[in-house]
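Biologist: Please take me through this model, and for each term you apply, tell me on what grounds you apply it.

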Amino acid sequence: MERGNTDWGRSVTGVVIREGKVLLCRHTYGGGKGLLIVPGGYIEHGESPQDAVRRELLEETGVTVEPGRLLAVRFGEKDWYAAFCAEYVCGEAAPDQDENDLVVWMDTDEALGREDVPGLTKALIRCVLAGESFGPMPYDTPSGAVREDLYAWDGSGGERPMDEAFIQAKPEDAAGVMALVKDRAAWMDRVGIRQWNVNRYPEVYPEEYYREEARAGRLYLLRRNGAIASAAVLRQEDGQWEDSAAARALYVHNLVSSLNDKGAGCWAGRRNWQESGGLPSCGWTAPPTMPL
């Protein structure tokens, strides 16, 4: 673990997502002990961040990767931490039994819903799923050489097509929906709103509730670039309301949206919900007040 050549002011990670699963390891020491996090570590003197990603992931997980675009940089008072997208090349995931005692490929929705996955790891997973990153940008130097050590926004983000789908949820999506509920309740704490965070909402509607609603075919998701952007339980009948003979209605319950996806909670896109193949074949009429 200790290296005399270690640069303690610079560290890196590689976020590897393969077939919908993210590579995580469970740390055995320090503040991260017992937590599932993206693998990484400190750079050695004279080593590039990209080479450090390759070395650290191979040492910690047994997996060979190729680092690509830069996801994010976190700056501390005396150090910095750079996170790269990394592509799986080869190797079987296994713990090093030193810095970690478990290495797993975990479904991204499950990872986003687990309490033993810290917020920083969740934020980086969301960045990968949303396609948010910086690429190497070549530039000329006075000597005439062309360098590619500058990572910058290349302007392609505004043109990138949004992979968006309204779908009927599966039972295994419940963990991801529960993660959105907990994130939203924590946000209410931060901004001083007294709602889900004080009325035991996550206890009244636990993960098993969403799993059962999915089995019943009533839980629907908006997925953007693979991640759950919003979710709701849609019912054709509701005892709180008297159905109109003029128009059938879908009643919206448990509507929740991601804090990291603008517009995900806007139901102006209801036409898409109505046209999605899994929806009940009835017209959309929102009740005057939607019970959540």
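Predicted model: local features only at pLDDT ≥ 70, side-chain atom pairs only at ≥ 80, totals over all residues.

Modeller: Residues are numbered from 1 along each chain as its sequence is written, and side-chain values use heavy atoms, with hydrogens and water left out.

Biologist: How many helices and strands does the protein chain have, and what is counted as one?

Modeller: The protein chain has 7 helices and 16 strands, where helices (H or I, at least four residues) and strands (E, at least two) are DSSP runs numbered from the N terminus. Helix α4, at residues 174–191, is one of these runs.

Biologist: What makes aspartate 173 count as buried?

Modeller: Aspartate 173 has 7% relative accessibility, and buried means under 20% relative accessible area, exposed over 50% and partly exposed in between (1.4 Å probe, protein chains only), so the label follows. Arginine 223, at 16%, is buried as well, whereas glutamate 203, at 54%, is exposed. Across the protein chain, buried residues make up 41% of the 292 residues.

Biologist: How do you know that the side chains of aspartate 173 and arginine 223 meet in a salt bridge?

Modeller: Their N to O distance is 2.9 Å, and a salt bridge is a side-chain nitrogen of Lys or Arg within 4 Å of a carboxyl oxygen of Asp or Glu, so the pair qualifies. Aspartate 173 lies in the loop between β13 and α4 and arginine 223 in strand β14, so this pair ties together parts that are 50 residues apart in sequence. The structure holds 21 salt bridges, among them the one between arginine 215 and glutamate 208, whose closest N and O atoms are 3.4 Å apart. Here arginine 215 is partly exposed, with a relative accessible area of 49%, and glutamate 208 is also partly exposed, at 37%.

Biologist: What makes β13 and β16 the edge strands?

Modeller: They belong to an open sheet of 4 strands in the order β13-β14-β15-β16, with antiparallel pairing, and each of the two, β13 (164–168) and β16 (251–257), pairs on one side only. Two strands pair if DSSP finds at least two bridges between them, and β13 is joined to β14 (residues 219–224) by 5 bridges. Among the partners, phenylalanine 166 is bridged to leucine 222 in β14.

Biologist: What does helix α6 touch on the sheet, and in what direction does the helix run?

Modeller: Helix α6 (residues 207–215) packs on the sheet, touching β14, β15 (227–235) and β16, and its direction makes about 70° with that of β15; axes are lines fitted to C-alpha atoms, for helices over the stretch in contact, and angles run from 0 to 180 degrees between N-to-C directions. In α6, Tyr209, Tyr210, Arg211, Glu213 and Ala214 are buried, and what covers the buried residues of α6 includes α4, α5 (201–204), β14, β15 and β16.

Biologist: How many residues has the largest nonpolar core, and what is meant by that name?

Modeller: The largest nonpolar core has 18 residues, and those with the most contacts inside it are Val177, Val181, Tyr210, Leu219 and Val256. The name stands for a set of buried Ala, Val, Leu, Ile, Met, Phe, Trp, Tyr and Cys residues joined through side-chain atoms within 4.5 Å. The largest share of this core, 6 residues, comes from α4. Leaving aside its neighbours within four places in sequence, tyrosine 210 is in contact with residues including Val177, Val181 and Leu219.

Biologist: How many residues of strand β5 are buried?

Modeller: In β5 (residues 40–44), 4 of the 5 residues are buried, and the strand is mostly covered. β5 pairs with β1 in the antiparallel sense over 5 bridges, whereas β1 (residues 6–15) and β7 (residues 80–90) run parallel and are joined by 6 bridges.

Methods
Contact = heavy atoms within 4.5 Å.
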